[in-house]
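Colleague: Could you walk me through how to read the features of a model like this one? I'd like the general idea each time, then the case at hand.

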Amino acid sequence: MLFEIPFIGHADTIGQALRNIGNMFLYDPEAPLLFSSGFFWLLFILFLPVYALLKKSKAKMVVFVVCFSLYFYYKSSGLFFLMLLATSLIDWSLSHAIARLQKRGVRLAVMWLSIIISLSILGYFKYANFFLWNWNQMVEGNFQPLDLVLPVGISFYTFQSISYVVDVYKGRISPTSSWLDYLFFLSFFPALVAGPIVRADYFLPQIQENRAATKDDVFGGLWLIVIGIIKKAVIADYIAQYNDLIFNDPSLYTGVQTLMGVLGYTMQIYCDFSGYSDMAIGLALIMGFRLGINFDSPYQSRNLTEFWRRWHISLSSWLRDYVYIPLGGNRKGTFRTYLNNFLTMLIGGLWHGAAWKFVFWGAMHGVGLAIHKACKPWLGRIPDNWFVSFVSWLLTFVYVSLLWVFFRAADFESSVRIISNIFVDFDWRQFPQFFEVRMVWCIMMLALIVMHFVPQSWTDACGRLYVRSPWIVKLLVFAVVVQLVVEFMSEEVVPFIYFQF
Amino acid sequence: MKSPYAGLWLIVALALAMFLTYSFSQDISLGSWTVKKAPFHDALLAEEEAMEDSLSLDSLYASTPVEEQTVDSVPKSILIIGDSMTFNLALRLAQYAKQNGHTIHAVNWDSSNTKIWAESDTLEYFMKKYDADFVFISLGSNELYFKKPETRLPYVKRILEVIDTVPYVWIGPPNWEEDTGVNDMLQRACRRGSFFRTDGMKLARKKDKIHPTRQASAEWIDSVMRWMPASAHPILADRPDSTVGRVNPNIVFLKALNK
C-alpha cells in the first residue's frame, strides 16, 4: 500500500495518537520548544489566523500574544512561567513607584530594589551552585549542589527588565500604563528564550503603534526564518557532531583534526546563535515588530572592538549602556577606561555561564579590548592597505577562535590540551585525507564561510527576490529547507547553545 | 484572515501537510538516495512502538543467566570490534585466546558508536575476512549520555542482524557516571545471556577519567570470561597462566587521521 492510513479501524491507535498529541502540548524538559521544531510550526499554524484576526485591536492582540507567549514559556520551562509573571508584576509596580516618587534618593532606592530582586532571582537559579562550590573549595567543605533547574532564557529577560526599570528611573521612557503591555514586552515569545535582548525604548512604542505587517514584512520574515533554519538546524547541528568528538576527547585527535574542530566550533556557535536570532527576528517581523539586528557578520571584524560591535549586538550594547557607562566609561582617565572595559567583559563572561571558564573567556576579551584601545594611536599610523587589513582580520579571528576553545571545552586543562595539540602535533599532509574523510562536513563549512563573507547587499538582494517570488517558489524553498533539516537531523536534539543563558 | 498572512499560512500549512503525508507513506527513492521522513509518524505512535519493544524484550530476561549450556570446546575465530575501549580489551582477550587455542582479530574504531557501525559494512567485511565464529562487541560508551537512548535501538538491531546466528557477547559500556538508559536498551536488544553488563564494575581510569587503564581493562575481560559459562554460548575461557605472557593480537585501527 502506497499510503498507510494508520488510524482507520484501529481505535487503540487513534487513542494512542490522540494521547501523544495531547502530550505534545505539555511541558517536556527533554524537548524544549525550538523555532526549528515541527511542533512549533504546528502551533504557529494555529497562532497565525487568530493573530491576523485580532491584530486590528491592540488590546485583543496584546492579550492573545501574552497568552501565547506564556504558553510558549510554559512549554519550554514548565511552571517557571509563573515566576515570569511575578517578576513582571513586581517590576511594573516598582517602575510606577519610581515615576510617582519625587525624591531622587527614594527613586534611586526603589530602582535598586527592583534590580536587586531581578538579580537575586537570576543569581539564585544560575549562580548559587557556582558560589557554593567555590565557597566549599575555600573552606574545604563537602559540596552538595542544590537541586536547581535554570529557567530557560532567564538571563535574557532579566536584562530586559533591568534596562526597563533603569530607563524609567533615568526618564528615558515612561512606565507602561498597562501591566499587560509590559508583560507583552517582557514575554514576547520570539525573543523570550534566547534574545535578542529587546530595549523598552525601542519596543514599547511599537506595541502602542500596533503597525500592520506588510507583505514585505511577512515574507521578509519568512526569508529570515529560512536563513535561520539553514544556519541553526542544518549547518550548526551537523557540524556540531564532529566538533563534539574533538572537544569531548581531544587526546585522541591529531593537530589537523583538532584545528578543524576548533574552526568548526567557531562557525558552529555563530551559526547556532545567529541562526536562532534570525528566526526570532523573522517571526517578530511577520507579526509587525522589529527587534533590530543582532549579528553583523562578526567574523569579518578586523579588531576586537569591531567584533563586539558585530557579535550579539543586543548584549554588547546592553553591557555598554548599563554596565560600562555607569562604571564611568571612558570619562575617568585611561586606566579607568581599560578597567571598566575589563570589568564589563568579565560580567559579560559570567552572564554566559556560572563557571570559571566563562569568567576567563570574558576576562581575556576584556584584556584584548584594552590592548586594542591602548594600541589605537599606534595602529592609526599604519597605512590601511589590503595586507594590513588581512593581518588584522587574521589576528582577530585567531584570537576569537582560541578563546572559543575555553568557552566550549569542559575545563581549563582540556582547553590547553586542545590548543597544544594544534601546535605540537600538526602535519599539513593530513589535510587531503581529512577532506576525503569529512567531505560533507567540509562542504558545510565552506557553504557557511561563503554565506558569512558574501557582501550584505547580495544577501539582501536574495531576500528581496524571495519576497517577490511566486508563492509556489516560496513554498518550494521552505519545503526544501525543512527537508534538509530532516536529512541532516542528528539523532539527538542538539540544544541551542545560548538556550540556558 | 487577510493577505499577506493568508499566503504565509498556506505556505506553512501546505509544507507541513506534505511532510505529514510523506511520513505515513512509502519511501521515495532517487537512485541510491532515499528521501528521509520527518518524524511525525514516530511522534504520533511513539508509545505504541515502545510498548511493543518492552513486551518482546524484557530487560531482565536478557540479563538473566540462561540454563547451563555445554561449553563449546571447538577453538574459535574470535573477532572483537568496537570503540576506543576495544584496544585494551583485545590485549587481554588475546591472552585468553592463546591459552584456549582460539585465534583473535580486533577492530578498534575510535569514537565510533552503534550508528557508525550499523551504517557501514565494516562489521560484515571483517566477519567475512576473518571468518569469525565468535564476536565480542564493545560499543555504547559514546552513547552513554544520550537523552533518548532508545533512538539507537534500530542501529543495535542492525548490528545484531549482521552478526546473525554467530554467537556473540556484547560487552556493555564502562559507565563513569550513571547513564541515561543505554545499558538497559542494549540489554533489551541482545539475545538472552549475550549481554555483559559492565556498569556495576569499579574500574581504574586513565587521566581522561573515561577509559579504563590497561590493568583495569584486563580485569574487565577477566570478569567477562568468568561470566562466560553462564552466557548463551560458552566457549573455552580458561584464565591465561603465567606461561602465556604478552600477546600482540592483530588489531585494525579505524580512525582515519587519528593517532
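This is a predicted model: local features need pLDDT of at least 70, side-chain atom pairs count only at pLDDT 80 or more; totals for chains, interfaces and linings use all residues.

Colleague: Fine. Let's begin with domains. Into which domains is chain A divided?

Modeller: Chain A splits into domain 1, residues 32-209, and domain 2, residues 215-488. Taken over C-alpha atoms, the centres of domain 1 and domain 2 of chain A lie 26 Å apart.

Colleague: And how is chain B divided?

Modeller: Chain B has domain 1 at 5-56 and domain 2 at 63-254. For domain 1 and domain 2 of chain B, the C-alpha centres are separated by 36 Å.

Colleague: Next, how do I read a contact between domains? Say, how much area do domain 1 and domain 2 of chain A bury between them?

Modeller: Start with the area, then ask who supplies it. Domain 1 and domain 2 of chain A bury about 3,200 Å² between them, with 74% of that on carbon and sulfur atoms. On the domain 1 side, Phe130(A), Phe159(A) and Pro196(A) supply 19% of the area buried against domain 2 of chain A, more than any other three residues.

Colleague: What about polar links there? How many salt bridges does the rule find across the interface of domain 1 and domain 2 of chain A?

Modeller: The rule finds 1 salt bridge across that interface of chain A. It also finds 12 residue pairs in polar contact there, both residues at pLDDT 80 or more. For the side of domain 1 of chain A that touches domain 2, the elements giving two or more residues include α5 (104-139) and α6 (154-170). Of the elements, α6(A) gives the most to that side, with 7 residues. By class, that side of domain 1 of chain A divides into 31 nonpolar, 6 polar and 5 charged residues.

Colleague: Now the chain-to-chain contact. How many residues does it take from chain B and from chain A?

Modeller: Chain B puts in 49 residues and chain A 58 residues. Between them, chain B and chain A bury about 4,900 Å², 66% of it on carbon and sulfur atoms. Across this interface of chain B and chain A the rule finds 0 salt bridges, and 4 residue pairs in polar contact, both at pLDDT 80 or more.

Colleague: Which element of chain B gives the most to the side that touches chain A?

Modeller: That's α1(B), with 13 residues. The side of chain B that touches chain A has 26 nonpolar, 10 polar and 13 charged residues.

Colleague: Let's zoom in on single residues. Is Asp181(A) buried or exposed?

Modeller: Check the relative accessible area, then the partners. Asp181(A) has a relative accessible area of 3%, so this residue is buried. Asp181(A) sits in helix α7 of chain A, residues 179-187. The side chain of Asp181(A) makes a polar contact with that of Lys58(A), at 2.9 Å. Not counting residues up to four places away in sequence, Asp181(A) also touches others, among them Val62(A), Leu204(A) and Ile207(A).

Colleague: And why does His105(B) count as buried?

Modeller: Because its relative accessibility is 18%, and the cut-off for buried is under 20%. His105(B) is in strand β4 of chain B, residues 103-109. Leaving aside neighbours within four places in sequence, the contacts of His105(B) include Ser77(B), Ile78(B), Tyr130(B) and Asn250(B). His105(B) and Val135(B) are 30 residues apart in sequence, and their C-alpha atoms are 9.7 Å apart in space.

Conventions. Residues are numbered from 1 along each chain as its sequence is written. Chains are lettered from A and ligands numbered from 1 in the order in which they are written. Side-chain values use heavy atoms; hydrogens and water are left out. Contact means heavy atoms within 4.5 Å. Buried area is the accessible area (1.4 Å probe) that two parts lose on being put together, summed over both. A salt bridge is a side-chain nitrogen of Lys or Arg within 4 Å of a carboxyl oxygen of Asp or Glu. A polar contact is a pair of N or O atoms within 3.5 Å; within protein, one must be able to donate a hydrogen and the other to accept it, and residues adjacent in sequence count only if both atoms are side-chain atoms. Helices (H or I, at least four residues) and strands (E, at least two) are DSSP runs, numbered from the N terminus. Ala, Val, Leu, Ile, Met, Phe, Trp, Tyr, Cys and Pro count as nonpolar, Asp, Glu, Lys and Arg as charged, and the others, Gly among them, as polar. Buried means under 20% relative accessible area, exposed over 50%, partly exposed in between (1.4 Å probe, protein chains only). Domain bounds come from an automatic or database domain assignment.
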